[in-house]
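Reader: I would like to learn how to read features of a protein model. Could we go through one step by step?

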Amino acid sequence: MTFLTIDCFFILSKLGLILAIILISFGIAAYATWGERKVAAFIQNRYGPNRAGPLGLLQPLADGLKLFMKEEIVPTFSSKALFLLAPFMFMVTALMTSAVIPWGPDIPLSNGSVFSLQVADVNIGILFIFGVVSLGVYGIMIGGWASNNKFSLLSAIRSAAQSISYELAMGISLIALLMLTSSLSLRDIAQQQHGFWSDGYFTWYFFKQPLGFLIFLTCSMAEMNRAPFDLPECDSELNMGYHLEYSSMKLGMFLFAEYINMFIGSAVMVTLYFGSYNFPGMDAVAASVNPILFSLICVAVFFIKIIGIILLIMFIRWTLPRFRYDQLMNLGWKSLVPLALINMLLTGALALLIFK
Amino acid sequence: MEKLTKRAVSINRSPMTLKERIYVPAVLAGLKITIAHFFQKKVTFQYPEVKRTFAPAFRGLHVLNRDEEGRERCTACGLCAVACPAEAITMDAAERKTGEEGLYREEKYAARYEINMLRCIFCGLCEEACPKDAIYLSETIMQPDFTRESFIYKKEDLLIPFPKKDQQA
């Protein structure tokens, strides 16, 4: 019986956590669309959406309603099943990555057990993320293929080529990080970056791997299909690319999943390089407040960092023009891969010779 | 080689240097510009609440004017219709009867006066052609509508209301 009750609590708590994470992802993604338009507007000396509700805060709801009301069109010559599958696949893969991210420190409960703010502590968390992110390309590929439109297909092929090229540099830049962490579990990596300063140096991996972070940031922007790497959906050449034939909420799913990808990608970046939920002086805070409140503060810090990264990505999008396709490939293969390799070798040599 | 225009600028097409190929300094310089723009004054006019003032030379919808006693100035001479390059103006003339002296200034007046606003190009030549100072281009803009007929403005639409008469009513 005891076994059964514990199991029930475990399942219920995990289900609650999954639900909370999905809802928060949706909320953040919805308001990322609003934020994106505000950032774009402010950079171009405009106001952005400001009519729907105060500061235009109801704009995402209005957009969603509009997309739901639109006519659902399935092209006659498309492969119907795949056509319907693609947006859901893109969405599901975007959400799946969030399973291994530790959203905050464990909350100790009164009965002695702990409530973990991580859906699954997989000991190969990073590999899981890489696998799922690679699956995300299938959403685009299937969508582009099933539309039976040459522009969509071209865009899907571009997207696949781009993802493969940049995943390589991303993986190599991550190997350098893994040499320092000697763990693939995101929870371990988060705990290693405890506080901000220890043993005479920063604990956050950004300060140990600045070049690695730069490569990782560039590559994840390419993976998310964000400008300046948004070649799969360049409106000028490919008429919005792989979601050209999509309408109504299926289009909405594609656009929405892109923002969820951005949110989760930023969360991964914060976990790996910017100390996850850790913040300077966290030990003093932990000693003075109750553990549940402390966990909530940590989660809030985590989200503030994520929003910071999202804002950085948005600023870069509205600053830079898009790369040409050959420039993209040159950057990926001729610059980022060698840089990542040099970074890996340097890190390896330093770890071997100096830090042991 | 001699340049074709004075404005020709020679562009440096040499391959990118290492600093340029790293991109990061260029990205940071770009971010500096965009972040500066982020805090600049917004140029948008919040339209329904704030309206831009028109330039003094703005030419808007036409108005048929009255004289000081509230009589219509137009004598249906047709010079505006002749001057109109878009052929948007049509009119029918009528003779003033006795007892109508309070309504029309001269012996002849326009019984029907129509401007097709879909044809009108708002050039203002009718205003210049009018010998009686009867037609003016005001500072109002045309209201959108759904039917073509509604864009043919009749005399009632064009004639400005007489202030004294309005106060009585």
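Reader: Is S155(A) buried or exposed, and why?

Author: A word first: this is a predicted model. S155(A) counts as buried because its relative accessibility is 0%, and buried means under 20%. This residue lies in helix 5 of chain A, residues 150–181.

Reader: Which residues is S155(A) in contact with, leaving aside its neighbours within four places in sequence?

Author: S155(A) is in contact with P232(A), L238(A), G241(A) and Y242(A), once neighbours within four places in sequence are left aside.

Reader: How should I read a nonpolar core, and which residues touch the most other members of the largest one?

Author: The general idea is that in soluble globular proteins, nonpolar side chains tend to be buried together. In this model the largest nonpolar core has 94 residues, and W103(A), L272(A), Y273(A) and I306(A) touch the most other members. Helix 10 of chain A, residues 248–273, gives the most to this core, with 15 residues.

Reader: What is I306(A) in contact with, apart from its neighbours within four places in sequence?

Author: Apart from those neighbours, I306(A) is in contact with W103(A), F263(A), S266(A), A267(A) and V270(A). There is also a second, separate core of 24 residues, which includes C84(B), Y113(B), L137(B) and Y153(B).

Reader: Now the two chains. How many residues of chain A and of chain B are in contact?

Author: On the side of chain A there are 16 residues, in contact with 17 residues of chain B. The area buried between chain A and chain B is about 1600 Å², and carbon and sulfur atoms give 67% of that area. Between chain A and chain B, 7 residue pairs are in polar contact, both residues being at pLDDT 80 or more.

Reader: Which elements of chain A give two or more residues to the side that touches chain B?

Author: They are helix 1 (2–43) and helix 12 (291–319) of chain A. Helix 12 of chain A gives the most, with 4 residues. By kind, the residues on the side of chain A that touches chain B divide into 11 nonpolar, 3 polar and 2 charged.

Reader: How do I read a salt bridge, and how many are there between chain A and chain B?

Author: Side chains of opposite charge can pair when their charged atoms come close. Between chain A and chain B the count is 1 salt bridge. The side chains of R51(A) and E49(B) meet in it, at 3.1 Å from N to O.

Reader: Where do E49(B) and R51(A) lie?

Author: E49(B) lies in the loop between helix 2 (24–38) and strand 1 (62–64) of chain B, while R51(A) lies in the loop between helix 1 and helix 2 (59–69) of chain A, so the pair joins two chains. E49(B) is exposed, with a relative accessible area of 55%, and R51(A) is partly exposed, at 49%.

Reader: How many salt bridges does the structure hold over all chains?

Author: Over all chains the structure holds 13 salt bridges. One of them is between R71(B) and D67(B), with the closest N and O atoms 3.1 Å apart. Both R71(B) and D67(B) are buried. A network of salt bridges links D67(B), E69(B) and R71(B).

Reader: What does E106(B) form with K132(B)?

Author: Their side chains meet in a salt bridge, at 3.3 Å from N to O. The pair links distant parts of the chain, 26 residues apart. K132(B) counts as partly exposed, at 25% relative accessibility, and E106(B) is partly exposed too, with a relative accessible area of 22%.

Note on methods. Residues numbered from 1 in each chain as written. Chains lettered and ligands numbered in written order. Predicted model: local features only at pLDDT ≥ 70, side-chain atom pairs only at ≥ 80, totals over all residues. Heavy atoms only, no water. Contact = heavy atoms within 4.5 Å. Buried area = accessible area lost by both parts, 1.4 Å probe. Salt bridge = Lys/Arg side-chain N within 4 Å of Asp/Glu carboxyl O. Polar contact = N/O pair within 3.5 Å; in protein donor to acceptor, adjacent residues only side chain to side chain. Nonpolar A, V, L, I, M, F, W, Y, C, P; charged D, E, K, R; others polar. Core = buried A, V, L, I, M, F, W, Y, C linked by side-chain atoms within 4.5 Å. Buried < 20%, exposed > 50% of the residue type's maximum accessible area, 1.4 Å probe, protein only.
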